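Here's a quick tour for anyone who is new to reading protein models. Have the picture open beside you as you go.

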Amino acid sequence: MTTKKRTGAEAIIDTMQQQEIEYIFGVPGGNAIPLFDALVDSPIKFVLTRHEQGAIHMADGYARASGKTGVVFVTSGPGSTNVITGLFTANMDSVPLVVICGQQITANLGMDAFQEADISGISYPVVKHSYLIKNPNDIFRIMEEAFYLANSGRPGPVLVDIPKDVSSALVEPRPAGDLHLPGYHIPKEADMSALEHAASLLEQAARPVIIAGQGVIISGAEKQLLYLAEKLRIPVATTLLGKGGFPDHHELCLGMPGMHGTAYANKALDACDLVMAIGARWDDRIVGNKAKFCTRAKKIHIDIDASEIDKVIQADCSIIADAKPALEALNGILRRSNTTEWIKQIARLKKSFPLKYKKEGKLKAQYVIDEICRLSESRAIVTTDVGQHQMWAAQFCKTDLPRHWLSSGGAGTMGYGFPAAIGAQIARPDKTVIAIVGDGGFQMTLCEMATAFVQKLPVKVLLLNNNYLGMVRQWQSMFYDNRLSGVDLEGNPNFVKLAESYGWKGFRIKRSADVRRVLREALAYTQGPCLIDAEVEQHTNVFPMIPAGAGLCDMLLEAPKEKLEKPKGGT
Amino acid sequence: METVQNGTIKKHTLSLLVSNKPGVLIRISLVFARRGYNIDSLVVSPSQDPAFSVMNIVATGDSQTLDQILKQLNKLVDVLHARDRTGEDIIERELAIIKLRCTPEVRTDILQIARAFSCDVVDLSDKSVTFQISGKTEKLDTANKVFEPFGIMEMVRTGKLLMARGEEATA
Ligand SMILES: Cc1ncc(C[n+]2csc(CCOP(=O)(O)OP(=O)(O)O)c2C)c(N)n1
Ligand SMILES: [Mg+2]
């Protein structure tokens with residue numbers, strides 16, 4: 001650290017350099033100008049986005065693809081309120097972000113001054129923590145705390161609100177490492193007796209299943225999970241966010257469980273006598289009706305966040321710890337199990353109930369996804385938006401690599417997928433990055449096409465264009481007598497021309513016969529960003545499906561002939 | 001008692017040690033509000049160390065939700081400890097100031113009752129009398145009931161104050 005006095009804004013940049021931050025995403029404004037001024041002399045690269053929501057989703061995609069903390073700079077008032085959706089998205093999915101907001105000068109706080117929003121107050125329910133810095137001499141400490149909080153324990157977004165007079169003031173130099181967080185505790189070692197209990201339950205189980213969540217990926221516990229699953233021969237289902245924590249192509253992999261999960265994952269869960277969730281939180285999209293969930297099974301829960309234990313499902317054995325050391329310790333004491341019969345049963349389930357779609361007839365979204373995954377040899381980083389295409393991508397995109405699958409899970413934020421791909425491409429310039437998006441969600445953040453162009457990023461947007469808010473149409477068609485209401489996306493632009501007007505390359509797929517040729521061409525195009533507009537069948541629905549609030553055993557494998565009752569659970 | 005899916009609705013007594021910073025109270029009340037838990041009383045005061053505050057909260061709701069609330073409170077960066085003290089043998093006190101309508105005809109009656117509750121007279125006028133009363137919440141509730149017929153003009157209560165017995169720390 002320098003000994004010369006620095007302005008508040010320079011102090012912020014100093015801590016970022018110590019944290020080895022390479023990129024900042026954002027949009028400037030009056031109260032953030034000191035921050036942007038300090039950026040001029042710094043090696044940190046700034047990515048100017050077209051909307052603050054784009055900036056925060058980019059930082060999120062950057063963070064998920066790299067494991068590093070994503071950083072955002074925005075101005076006060078509307079600049080800061082525009083990041084709320086992104087904070088919520090990151091908070092729900094445990095993504096490490098530090099979001100710095102410019103603010104009105106201290107004397108104007110609470111005065112309804114121009115662009116003065118109480119952003120720290122607004123942020124409370126959707127962040128891991130937030131700060132309003134009033135004393136310039138707190139900047140070094142708070143910035144260090146912010147980065148530490150964001151990317152330790154269960155990661156999450158931290159917001160720092162900094163009035164313009166504070167970022168302009170001179171601050172005293174301060175030695176690094178002086179954190180003051182007496183109320184922040186990260187679980188240390190896993191409790192040995194809980195581990196032994198878990199081990200004995202695992203060894204005794206005849207029909208065990210593991211649900212692996214994003215905690216496995218955040219913790220970097222993929223090898224430990226693989227070792228455990230192979231040693232005891234336990235099938236592993238990966239949650240929407242846990243995809244890549246266990247190889248999709250592994251014979252023990254069950255794919256995604258839950259509402260639109262694989263039939264074999266759900267049938268295995270329904271029949272199991274032990275279920276162990278690792279870094280997963282028994283999300284309602286997986287559990288459905290709690291009273292009908294894994295009724296015959298003992299439950300083990302490994303999570304770093306104590307508040308997840310017994311929140312949804314009462315655990316018979318709980319281990320509050322980081323997944324990696326917990327699995328390492330568990331692997332050290334596990335002996336053997338006998339699941340031979342169970343594994344045979346799983347193989348039969350996989351054979352009898354594979355994921356499928358009709359290849360004949362009009363162009364199917366599933367086919368396009370299936371092919372892009374195959375042609376990219378499962379090595380691309382795939383981001384998704386939210387809707388039918390997301391669930392199909394979760395079903396048909398296979399990956400064996402962690403941090404290669406980025407999707408908004410807990411929040412289900414439309415508009416996430418495309419900016420997240422930009423962030424991921426910046427984090428991993430060596431990778432092919434594909435954003436699989438719907439025509440609805442893409443239009444929520446498509447202004448970032450300019451950002452991708454300016455940054456010369458070869459991201460590929462695969463637009464599954466069904467001219468509908470497809471997922472909502474599916475619900476209306478299945479549960480509301482097909483009374484379509486507010487789902488027709490009439491007025492969609494010509495996406496290829498739109499792409500071209502942003503300096504992108506545009507491709508179009510109209511027929512199944514075109515799929516491979518066009519996708520090959522698009523994958524080979526690396527001169528800049530490109531968009532593939534795939535005009536897919538409009539009325540296909542996603543199956544399997546467990547209606548919200550129903551049990552795993554109520555799964556529908558295909559469109560039912562009779563009319564269904566309205567679901568009892570949330571969306 | 002009203003029973004809900006998650007168990008029985010009852011009053012819970014919580015004790016917290018928190019950072020003495022702006023915004024802490026909102027973060028804490030949001031944890032309750034989001035789950036539809038009503039805070040009945042709340043006491044905040046500085047602790048011996050000015051960097052921290054002590055909070056005593058009485059809140060009504062079901063016990064499973066309370067378990068989640070406690071975990072969420074403990075998860076807040078500004079909360080050092082949050083503990084459920086319901087039904088424990090700890091020191092509980094509350095103080096109230098009660099202003100009664102008091103004409104000369106009923107004054108003797110009122111003062112007699114006040115003595116029975118060991119109230120202190122803190123103000124007197126020709127039409128009113130104001131007492132300070134302290135003790136357990138139940139005692140204050142009873143006094144309230146007994147004074148009610150005379151006409152309570154105003155009352156203010158501190159809410160429950162908690163202190164662990166012996167050397168044990170409360171929060
Ligand atoms: C910001 C936001 N608004 C609304 C929704 C509700 N919603 C969920 S899926 C969906 C439809 C998405 O349509 P599209 O992007 O075209 O994808 P498709 O389902 O057609 O594949 C909607 C409106 C949401 N998840 N996020
Ligand atoms: Mg659509």
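Predicted model: local features only at pLDDT ≥ 70, side-chain atom pairs only at ≥ 80, totals over all residues.

Helices and strands here are DSSP runs, a helix having at least four residues and a strand at least two, and they are numbered from the N terminus.

- The average pLDDT of chain A is 96, and 99% of the residues score at least 70.

**Where chains A and B meet**
- On the chain B side, 16 residues are in contact with 19 residues of chain A.
- Together the two chains bury about 1,400 Å², with 53% of that on carbon and sulfur atoms.
- Three residues, B:R27, B:K71 and B:V77, supply 42% of the area that chain B buries against chain A, more than any other three residues.
- There is one salt bridge between the chains: B:K75 pairs with A:D305, and their closest N and O atoms are 2.6 Å apart.
- Six residue pairs are in polar contact between chain B and chain A, counting pairs with both residues at pLDDT 80 or more.
- Which parts of chain B each supply at least two residues to the side that touches chain A? They are α1 (24–34), α2 (63–75) and β5 (79–84) of chain B.
- Of the elements of chain B, α2(B) gives the most to that side, with six residues.
- Sorted by type, the residues on that side of chain B are seven nonpolar, five polar and four charged.

**Around ligand 1**
- Ligand 1 has 17 residues around it, and A:Q388, A:D439, A:G440, A:G441 and A:G470 come nearest.
- A polar backbone atom of A:Q388 sits 2.8 Å from an oxygen atom of the ligand.
- A:G441 has a backbone N or O atom 2.7 Å from an oxygen atom of ligand 1.
- For A:G412, a backbone N or O atom is 2.8 Å from a nitrogen atom of ligand 1.

- Most residues other than glycine have a negative phi, and most peptide bonds are trans.
- A:S94 has a positive phi, near 55 degrees, and is found in the loop between α5 (84–92) and β5 (97–103) of chain A.
- The bond joining A:F543 and A:P544 is a cis peptide bond, with omega about -5 degrees.

Conventions. Residues numbered from 1 in each chain as written. Chains lettered and ligands numbered in written order. Heavy atoms only, no water. Contact = heavy atoms within 4.5 Å. Buried area = accessible area lost by both parts, 1.4 Å probe. Salt bridge = Lys/Arg side-chain N within 4 Å of Asp/Glu carboxyl O. Polar contact = N/O pair within 3.5 Å; in protein donor to acceptor, adjacent residues only side chain to side chain. Nonpolar A, V, L, I, M, F, W, Y, C, P; charged D, E, K, R; others polar. pLDDT = per-residue confidence, 0-100. Near = heavy atom within 4 Å.
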